[in-house]
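Have a go at each task before you read the solution.

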Amino acid sequence: MNTSHVVVVMGVAGTGKTTIGTLLAARLGVPYAEGDDFHPQASITKMSAGTPLTDEDRHPWLDAIGAWAHGRAGLGGVVSCSALKRSYRDRLRAAAPGVVFLHLAGDRVLIEDRMSHRQGHFMPTALLDSQFATLQPLQADEAGVAVDVSGSPEEIARRAALALRDLPEPVR
């Protein structure tokens, strides 16, 4: 299955954006970019200390992801990015108008449990409440789909690919 979509895998911390994004990119035959790699070191330090980022902190990060997505327009790609607020998604769309969003959605208890078992990630579970408080789910006028994060990563990636298949291909 190939696509020319650039898919932004979004959701709160712990939903599996990296895992599902990697599996989805392989399934779609397109490159994957890890959204965390676009964060400036100052933002990683701030989050590691348990301090939520401000909108101003996020702007350079969103702009870098938007630039990557713009460069993949018409070619396809998958990038992870929490994209919790509509304004963040609008900023990404301004840079790359054809992006579509895959919202990994799930129960807070399940997500917190998964976060507590992962190793080597800078995002502490203490920030999960602020993530859920910030989350603005996709609106009807936004190109994208929501997929539940229950089940295995392979099951979630399969459901995501099927849901994305129903979206119209971007205009070139």
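Predicted model: local features only at pLDDT ≥ 70, side-chain atom pairs only at ≥ 80, totals over all residues.

**Exercise 1: charged pairs**

Residues are numbered from 1 along each chain as its sequence is written, and side-chain values use heavy atoms, with hydrogens and water left out.

*Task.* Find which side chain meets R86 in a salt bridge, then look at two other pairs.

*Solution.* 
1. A salt bridge here is a side-chain nitrogen of Lys or Arg within 4 Å of a carboxyl oxygen of Asp or Glu. A search of the whole structure finds 10 of them.
2. The partner of R86 is D90, at 3.0 Å from N to O. D90 is partly exposed too, with a relative accessible area of 33%.
3. Helices (H or I, at least four residues) and strands (E, at least two) are DSSP runs numbered from the N terminus.
4. R86 and D90 also belong to a network of salt bridges that links them with R89, R93, D141 and E142.
5. Next, take K85 and D55: their closest N and O atoms are 3.2 Å apart. This pair links distant parts of the chain, 30 residues apart, with K85 in the loop between β3 and α4 and D55 in helix α3.
6. Finally, R108 and D129 form a salt bridge at 2.5 Å, N to O. R108 is in helix α5 (residues 108–117) and D129 in helix α6 (residues 128–134), so the pair ties together parts 21 residues apart in sequence.

**Exercise 2: the two sides of a helix**

*Task.* Work out which residues of α2 are buried and what they pack against.

*Solution.* 
1. Start with S43, which is found in helix α2 (residues 41–48). Its relative accessibility is 5%, so S43 counts as buried.
2. The buried residues of α2 are S43, I44 and M47. They cover an arc of only 100° around the axis, which puts them on the same side of α2; the arc is taken from the directions from the helix axis to the C-beta atoms.
3. On the other side of α2, Q41 and A42 are exposed.
4. The buried residues of α2 pack against α3. Leaving out residues up to four places away in sequence, S43 touches L53 and D57, where contact means heavy atoms within 4.5 Å.

**Exercise 3: an enclosed strand**

*Task.* Ask how many residues of β4 are buried, then trace the strands that pair with β4.

*Solution.* 
1. Five of the six residues of β4 are buried, so this strand is largely enclosed by the rest of the structure.
2. β1 and β4 pair in the parallel sense over four bridges; two strands pair if DSSP finds at least two bridges between them. In β4, L102 is the bridge partner of V9.
3. β4 also pairs with β5 in the parallel sense, over five bridges. Here V145 in β5 is the bridge partner of L102.

Note on methods
Buried < 20%, exposed > 50% of the residue type's maximum accessible area, 1.4 Å probe, protein only.
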